[in-house]
Each structure stands twice: as C-alpha cells, then as structure tokens.
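User: I would like to go through a structure with you, one topic at a time. Could you put it up first?

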Number of protein chains: 2
Amino acid sequence: MQRGKTFIVSGPSGVGKSTVLKALFAQRSDLYFSVSATTRAPREGEVDGTHYHFLTQTEFEEMIGRDEFLEHAQYVGNYYGTPKKYVDAAMEEGRDVILDIEVQGAQQICAKRPETVRIFVGPPSWQELERRLTARGTDTPEKVQQRLQRARVEMQSAEEYDYLVINDQLEQAVEELKAILCAEHCRPADRLDRILE
Amino acid sequence: MQRGKTFIVSGPSGVGKSTVLKALFAQRSDLYFSVSATTRAPREGEVDGTHYHFLTQTEFEEMIGRDEFLEHAQYVGNYYGTPKKYVDAAMEEGRDVILDIEVQGAQQICAKRPETVRIFVGPPSWQELERRLTARGTDTPEKVQQRLQRARVEMQSAEEYDYLVINDQLEQAVEELKAILCAEHCRPADRLDRILE
C-alpha cells in the first residue's frame, strides 16, 4: 500500500473553495479532510471531531509544548491549529489528506514538511471575485472591498504554491484537483524502490 | 490560449511505452507526437514526415550547425534527431508535444530546456519485464538478457525524471499520463498573470 500524501488547499474568501472541495469529496470518499482544533466554544449544531476538535486552553497549550501541531495561530483570543496525529494516522492508512488552510498556516506547515503539496484556488478574474462576493449578499459593500483587498494580498502568495487551480467552471476545477492528486502519486521517489528491488 | 508544453516519455524496451502512447493519442487527438529526423534511408512503407523526416547528411549537418535540433545522436553511421521547428510550432498552436525519446536524448533536451517535463514509463517488476520481452518472441534468450541489462541501466535514470508511470494496467497508465499533462498546466507561473493583471 502506498502511503498517503498531504495537500494544502488555500484560496481567498469568495473564490468558491468550499464548493470545490465538497464536490471533490463527493467523488473521492477515500480522501481525509483534516479537522482543525480550537479553544473557542462550540456554536449551536457544531459537533466535536466533525466541525472542530474542541479543546481547553490548557490542552491546546500542552499540545503546542509537545510540538503536536502542524501549524497553529491565535485569532480574536482563541487558538486554532492542525493536530498532527489525525493527519499522520490517515496517511499511514494510505489516505490522502486535504488541509483547507490559509496562506500563513500553509507556510508554517511547509517549513516543517516541505514535501507537502500546495494548491491555491484562484478566481478567473478580479471582476468575477467581486461579483461572487457581492452576490453572496452577506457583506456590506465596504466589507466586500475589504475582502477584495485581502484577496489581492493572498494572491501574491499564489506563486509560492505548487499549483494554481482556477475556479471558473466547478467541474473543471475538480478535475484539475483530481489530476494533481494523481500526478503527485507518480513521483519516482515514491515508486522507484518497488521496481529497483 | 495557453501555450503548449513539451513532455518527454522514456522507458526501457519491452515496457509497453508505444502501446501506452497509442492509447493516449486515441483519447487526446489534440496532442502532437514529435517525429524525428534521420539520415538513414526510408524502409519500405515509411512515409516522409510521418515515420521520420528523411534528410541528407548535408541537410542534417547544416541543421546541427544552425542549432536546429533539441537533441541529436549518431547510431550505426546515421544521424537521428528532434528538430525544434515542429515542436515549437505545435506549442505555439497551444498543443502539448510528446517526445518518445531515450534517456541520453532526454538529458540533452533538458539541458537546453529545463522546463521540459520528463516522464519515465517503468515495468511493474523485473519478472514482468522479462516475461514481456520473452513473450514478444522476436528475440533470442541472449538478446532478452541484453535488453534486461540495458533496462537496469536505464531504470537508474528514472529518479532524474519528474514522474514515473508504471505500466501495470494499460488504462491506469493512460489515466496517469493524462493526469500529469493536466496537472502540469496548473502551474502558477503559467496562469498567475491571467489573474493578477
């Protein structure tokens, strides 16, 4: 059995990353979606282990002390992070792991594990990203402009990524993700010992 | 329109590379298969421009002088080489180019054009490669052993390649080639300017 690999998927707010990932998981139930840990309180309907691994601040800080996170950060007074153990267990089972994570978290992970494959999901154009953010109807025009501003900063990081998937047509974006996962399992380092033995 | 890319496909005798490429081209008629140039005389049924570009020795050497080959070599008194012009014309049209070429030729091309993607087609095992070479029934047992010996040397080069496709099941090998072609078109350098403009 071939060991699984870890794939980071980043992308700006409004790009449709969640939709793309949902469509990918609908076709590839073998994939493991990494669930983050957090110290913030569960919201109504949130299930421990599904939406987040809910931890106390002490538990979280002890895990930091034992270097048990691939990445972690603080945000409005709470910790958020990616525990190593679930990721590693899934890879041991031969499952590929998908980490939905923003740019700074991706940088932390790749510093620790440079073999991690980084995929950035981008919009077809700025106009289209603005249109999508506006169409959601959840944000004020000012908030939409803030998100666009932040997207511009994040898009600057896309060139550090291994791949850039453009979410123009959903089906095409999913096909590209599947192709990237497949191609990354064709690296000589992972397969050569099978033949050369 | 996105510019095409060049993909080198190498692999030892008996691995089934031609079968895999034929199946790939049956599904992807947009691909361009690079035709070599040679100074050897056409054999019966060989068509100029289809099987080879047949050149005189003078023509070939003038092209070498003008640096018009991606790679070239001499073999039993004749020249063989890959003219740049057809490859470049196809890429300009947005077509991906497949070069069926052995390890030394691949090294020459990548020295000139490091962006070329290298794919090695390998056998599932040595036993299976020996079985396939024997099953062809065209070689003496001594010749089969020579080919196996040469395959062992070539397989040492597989680790220099970007990808290793194992031809165990034909359909799977073709799927992997298609995935590699697709994934390589998702590189940020090729797409980022579309968004950042």
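Analyst: What follows is a conversation about the helices, the chain pairing and some individual residues of this structure.

User: What kind of model is this, and what conventions apply?

Analyst: This is a predicted model, in which local features need pLDDT of at least 70, side-chain atom pairs count only at pLDDT 80 or more, and totals for chains, interfaces and linings use all residues. Residues are numbered from 1 along each chain as its sequence is written, chains are lettered from A and ligands numbered from 1 in the order in which they are written, and side-chain values use heavy atoms, with hydrogens and water left out.

User: Which residues of helix H1 of chain A are buried?

Analyst: In H1(A), residues 17-27, the buried residues are Lys17(A), Val20(A), Leu21(A), Ala23(A) and Leu24(A). Buried means under 20% relative accessible area, exposed over 50%, and partly exposed in between, with a 1.4 Å probe and protein chains only. Helices (H or I, at least four residues) and strands (E, at least two) are DSSP runs, numbered from the N terminus.

User: Why are they on the same side of H1(A)?

Analyst: They cover an arc of only 160 degrees around the axis, which puts them on the same side of H1(A). The arc is that of the directions from the helix axis to the C-beta atoms. As background, an α-helix has 3.6 residues a turn, so residues three or four places apart point the same way.

User: And what does the face turned away carry?

Analyst: That face of H1(A) carries the exposed residues Ser18(A), Lys22(A) and Ala26(A). The cover over the buried residues of H1(A) includes strands S1 (6-10), S2 (32-33), S7 (97-100) and S8 (117-122) together with helix H7 (170-184), in chain A.

User: At what angle do H1(A) and H7(A) pack?

Analyst: The angle is about 60 degrees, and the axes of H1(A) and H7(A) are 9 Å apart. Axes are lines fitted to C-alpha atoms, for helices over the stretch in contact, and angles run from 0 to 180 degrees between N-to-C directions. That makes H1(A) oblique to H7(A); angles under 35 degrees count as roughly parallel, over 145 as roughly antiparallel, 65 to 115 as roughly perpendicular and the rest as oblique. Residues making the contact include Val20(A), Leu21(A) and Leu24(A) of H1(A), and Ala173(A), Val174(A) and Leu177(A) of H7(A). Contact means heavy atoms within 4.5 Å.

User: What does Leu177(A) touch, beyond its sequence neighbours?

Analyst: Leaving aside residues within four places in sequence, Leu177(A) is in contact with Val20(A), Leu21(A), Leu24(A), Ile119(A) and Val165(A). Leu177(A) is buried, with a relative accessible area of 1%. Its C-alpha atom is separated by 9.7 Å from that of Val9(A), 168 residues apart along the chain.

User: Switching to the two chains, how are the copies related?

Analyst: A rotation of 180 degrees, with 0.0 Å of shift along its axis, superposes chain A on chain B (RMSD 0.0 Å). The two copies are thus related as by a two-fold rotation axis. Copies are superposed by least squares on the C-alpha atoms of residues with pLDDT of at least 70 in both. Of the residues of chain A, Ala179(A) comes closest to the rotation axis, at 2.1 Å (C-alpha). The copies meet through the same surface, because 100% of the interface residues of chain A are also interface residues in chain B.

User: Which residues does Ile180(B) touch?

Analyst: Not counting residues up to four places away in sequence, Ile180(B) touches Ala183(A) and Cys186(A) as well as Phe7(B), Ile119(B), Tyr163(B) and Val165(B). Ile180(B) is found in helix H7 of chain B and is buried, with a relative accessible area of 0%.

User: Where is Val76(B), and is it buried or exposed?

Analyst: Val76(B) is in the loop between S5 and S6 of chain B. With a relative accessible area of 69%, Val76(B) is exposed. Its phi is near 35 degrees, a positive value in a residue other than glycine.

User: What about Asp67(B)?

Analyst: Asp67(B) also takes a positive phi, near 55 degrees. The place of Asp67(B) is the loop between helix H2 (57-65) and S5 of chain B, and at 41% relative accessibility Asp67(B) counts as partly exposed.
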